[in-house]
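This report walks through one model, residue by residue and strand by strand. Please keep the viewer open while reading.

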Amino acid sequence: MTHLDALENQSIHILREAFNRLDKIAMLWSIGKDSNVMLWLARKAFFGHVPFPVIHVDTTYKIPEMIEFRDRMAQEWKLPIIVGKNEAALAAGMGPQQGRVNCCTALKTDGLKAVIAQGGYQGVIAGIRRDEEGTRAKERVFSPRNAQAEWDVKDQPPEFWDQYKTDFPPGTHLRIHPLLAWTELDVWRYIARESIPVVELYFAKGGKRYRSLGCAPCTGSIASTATTVDEIIAELETTHLSERAGRAQDKESEDAFERLRAGGYM
């Protein structure tokens, strides 16, 4: 068994465990590489289809190519997609000009909470990885939140030897993280092995490409000549630049990202 085989088996086990243990779950789809891999794994876990809703929280600030990819792949993979928006915040003029943390809270966190409340989802599957950002390194695979989806980083259950706690008091909301043990390189090597579709923005044009995708005003590109998956892998094997170096909301304050996630951000 290869390293990628072991990661794949672990992730499929987590997805099946969540589906078996929780009454009502959904999966987040950011349209980025990680959530595309997560959807691919779900289709493997459940024999070619995704048996729960796939949620995309649309801030209306996404890069157009991301929305085109979302609509095309949702149709091709026959995904049971739910597109959520915080219409009230958008109507009131919320945007990055109000402060990026404020914007993320209103358009992403509050938008997601509204979808969760409307659907009554006990758990939500998210494609985060421990190596991506320091706050995410503190997560568990089955991570409890309170009824408002708020995360207490100091109150997380132990997880040893792939033994996951899935029984929690009524009113607990869970985030399930099947890619937590993966690295960025693992993701791209798996994309290469499985020929998983990704947004063209990841590939260099004019000496620039996106390494991490988000809203257009808050996501910067990096200098790169990588135009194929194999070239991206080769580039990542030597780079010292952090994956989220181009994400503006992370830079607003030292603890900005942890505050966002404590409040229910993805």
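T2 sits in the segment before α1. The model is predicted, and in it T2 is partly exposed, with a relative accessible area of 43%. Its side chain makes a polar contact of 3.0 Å with the side chain of D5.

## Strands β2 and β3

Strand β2 covers residues 54–57 and strand β3 covers residues 81–84; they pair in the parallel sense over four bridges. Within this pairing, I55 stands opposite I82 of β3. To get from β2 to β3, the chain passes through helix α3, residues 64–76. This β-α-β crossover is right-handed.

## Strand β6 and its partners

Strand β6 spans residues 173–176. It pairs with β4 (residues 123–125) in the parallel sense, over three bridges. It also runs antiparallel to β5 (residues 142–145), joined by four bridges.

Which way do the residues of β6 point? H173 and R175 point one way, while L174 and I176 point the other way. In a regular strand, side chains alternate between the two faces of the sheet. Here the residues on both sides of β6 are buried.

## Nonpolar cores

The largest nonpolar core has 57 residues. V37 and W188 have the most contacts inside it. Several elements each supply at least two residues: α1 (3–21), β1 (25–28), α2 (33–45), α3, β6, α6 (184–194) and α7 (229–236). Helix α2 gives the most, with seven residues.

What does V37 touch, beyond residues up to four places away in sequence? The list is L179, W182, V187, Y190, I191 and I196. A second, separate core has ten residues, including V115, I116, V124 and A126.

## Cysteines

The structure holds zero disulfides. C104 is in no disulfide, and the nearest cysteine sulfur, in C218, is 5.8 Å away. C104 is buried, with a relative accessible area of 6%.

A disulfide needs the sulfur atoms within 2.5 Å. C215 counts as buried, at 9% relative accessibility.

## The loop between β7 and β8

R211 lies in the loop between β7 (208–209) and β8 (222–223). Is R211 buried or exposed? At 7% relative accessibility, R211 counts as buried, because the limit is under 20%.

The R211 side chain has polar partners. One is the side chain of E184, in a polar contact of 2.8 Å. Another is the backbone oxygen of L241, which lies 2.5 Å from a polar atom of the R211 side chain. Setting aside neighbours within four places in sequence, R211 is in contact with K33, E184, Y202, I222, L236, T239, L241, S242 and E243.

P217 lies in the loop between β7 and β8 as well. P217 is partly exposed, with a relative accessible area of 38%. Beyond its neighbours within four places in sequence, P217 is in contact with Y61, P96 and R100. P217 and L185 are 32 residues apart in sequence and 26 Å apart in space, C-alpha to C-alpha.

F47 lies in the loop between α2 and β2. F47 is exposed, with a relative accessible area of 75%.

Where is T60? T60 lies in the loop between β2 and α3. T60 is partly exposed, with a relative accessible area of 42%.

Note on methods:
Residues are numbered from 1 along each chain as its sequence is written. This is a predicted model: local features need pLDDT of at least 70, side-chain atom pairs count only at pLDDT 80 or more; totals for chains, interfaces and linings use all residues. Side-chain values use heavy atoms; hydrogens and water are left out. Two strands pair if DSSP finds at least two bridges between them. A crossover is right-handed if, with the strands pointing away from the viewer, the path from the first strand over the helix to the second runs clockwise. A nonpolar core is a set of buried Ala, Val, Leu, Ile, Met, Phe, Trp, Tyr and Cys residues joined through side-chain atoms within 4.5 Å. Buried means under 20% relative accessible area, exposed over 50%, partly exposed in between (1.4 Å probe, protein chains only). Contact means heavy atoms within 4.5 Å. A polar contact is a pair of N or O atoms within 3.5 Å; within protein, one must be able to donate a hydrogen and the other to accept it, and residues adjacent in sequence count only if both atoms are side-chain atoms.
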